[in-house]
Amino acid sequence: MGLLDLQGVTKSFGDTPVIRGIDLAIDEGSLTCLIGASGSGKSTLLRIMNLLEPIDEGAVLLDGQDISQPGLDPQPIRQRIGIVFQSYNLFPHMTAAENVMLAPRRIKHLSRAELQAPVTALFDRFGLTDRMDRYPDQLSGGQQQRVAILRALAMQPQIMLFDEITSALDPELVGEVLDVLRQLRDDGMTMVLATHEMGFARALADRVCFLDQGRIAEEGRPAQVFGNPRHERTRAFLHRVL
Ligand code: ADP
Ligand code: MG
């Protein structure tokens with residue numbers, strides 16, 4: 001059993017099945033990459049993991065606890081599972097540091113004074129010390145996305161989910177965001193990443209899952225999935241994107 005376990009998860013929007021029986025165990029400290037065509041269900045799967053979408057059937061277990069029960073308070077669970085989206089949505093009227101402090105202040109009721117040292121340490125760790133007091137519009141897209149990652153990390157989650165976080169960035173800014181993920185991986189963070197960055201997935205993922213029409217059509221070590229895909233649909237997808 002993984003730190004996060006999906007068991008027979010299904011999800012439809014109206015009459016349209018979008019997630020069709022997914023079993024997936026996310027091991028502690030692992031980096032799992034979800035790849036697949038647009039519309040294959042990657043975002044929905046991440047949103048299910050963070051309890052942003054209710055499921056129709058199956059179960060989602062965090063540390064063995066079924067967190068997909070209807071009626072369960074999602075808030076404490078969401079604190080343990082950070083999520084970062086393509087659009088970073090920092091509050092424009094707050095500095096980078098204030099953005100990062102916001103959730104711990106509101107949700108954990110920590111004061112600015114209490115947060116000063118840990119938040120400074122977080123900015124230091126990811127090379128953003130000199131950007132703490134800047135407003136979002138004074139930062140590049142890559143810096144804003146890195147601040148958005150720090151904002152999620154400030155809640156000290158057990159797992160981090162990333163949904164196409166480099167897709168909106170100019171190509172020259174992608175590397176600095178992927179470097180943050182690389183560092184988190186080296187620090188042992190458990191991560192699930194929906195990505196089009198095949199080079200990154202190939203180099204750094206512990207496991208790659210190829211989603212096709214709401215199913216995991218193929219999964220395995222990156223060397224196997226990229227180097228020797230078993231399924232024709234995986235081969236066709238990789239042929240299109242590589
Ligand atoms: P991906 O992230 O791989 O591009 P998504 O999870 O966003 O895929 O979408 C999977 C399918 O679910 C798509 O067909 C999409 O149109 C549909 N879908 C996603 N969200 C909704 C929604 N809120 N309502 C209706 N259909 C949705
Ligand atoms: Mg998506």
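UniProt, in an unreviewed entry, places the feature "domain: ABC transporter" at residues 4–238. UniProt positions follow the numbering used here, feature names are shortened, and annotations may be inferred rather than shown by experiment. This is a predicted model: local features need pLDDT of at least 70, side-chain atom pairs count only at pLDDT 80 or more, and totals for chains, interfaces and linings use all residues. Residues are numbered from 1 along each chain as its sequence is written, chains are lettered from A and ligands numbered from 1 in the order in which they are written, and side-chain values use heavy atoms, leaving out hydrogens and water.

Over residues 4–238, the chain is 39% helix and 26% strand. The end C-alpha atoms are 27 Å apart. Helices (H or I, at least four residues) and strands (E, at least two) are DSSP runs, numbered from the N terminus.

**Nonpolar cores**

The largest nonpolar core has 50 residues. A nonpolar core is a set of buried Ala, Val, Leu, Ile, Met, Phe, Trp, Tyr and Cys residues joined through side-chain atoms within 4.5 Å. Buried means under 20% relative accessible area, exposed over 50%, and partly exposed in between (1.4 Å probe, protein chains only). Phe123, Ile149, Leu153, Met160, Phe162 and Leu184 have the most contacts inside this core. Helix α6 (residues 171–186) gives the core its largest share, 7 residues. A second, separate core has 28 residues, including Val18, Leu34, Ile77 and Ile159.

Leu184 touches Arg125, Phe126, Ile149, Leu153, Phe162, Met189 and Met191, leaving out residues up to four places away in sequence. Contact here means heavy atoms within 4.5 Å.

**Around ligand 1**

Ligand 1 is surrounded by Phe13, Val18, Ala37, Ser38, Gly39, Ser40, Gly41, Lys42, Ser43 and Thr44. Each has a heavy atom within 4 Å of the ligand. Helix α1 (residues 42–49) supplies the largest share of this shell, 3 residues.

| Residue | Distance from backbone polar atom to a ligand 1 oxygen |
|---|---|
| Gly39 | 2.6 Å |

**Asp212**

Asp212 sits in strand β9 (residues 207–212). Asp212 is buried, with a relative accessible area of 16%. Beyond its neighbours within four places in sequence, Asp212 contacts Ser40, Ala217 and Arg233.

Notes
Polar contact = N/O pair within 3.5 Å; in protein donor to acceptor, adjacent residues only side chain to side chain.
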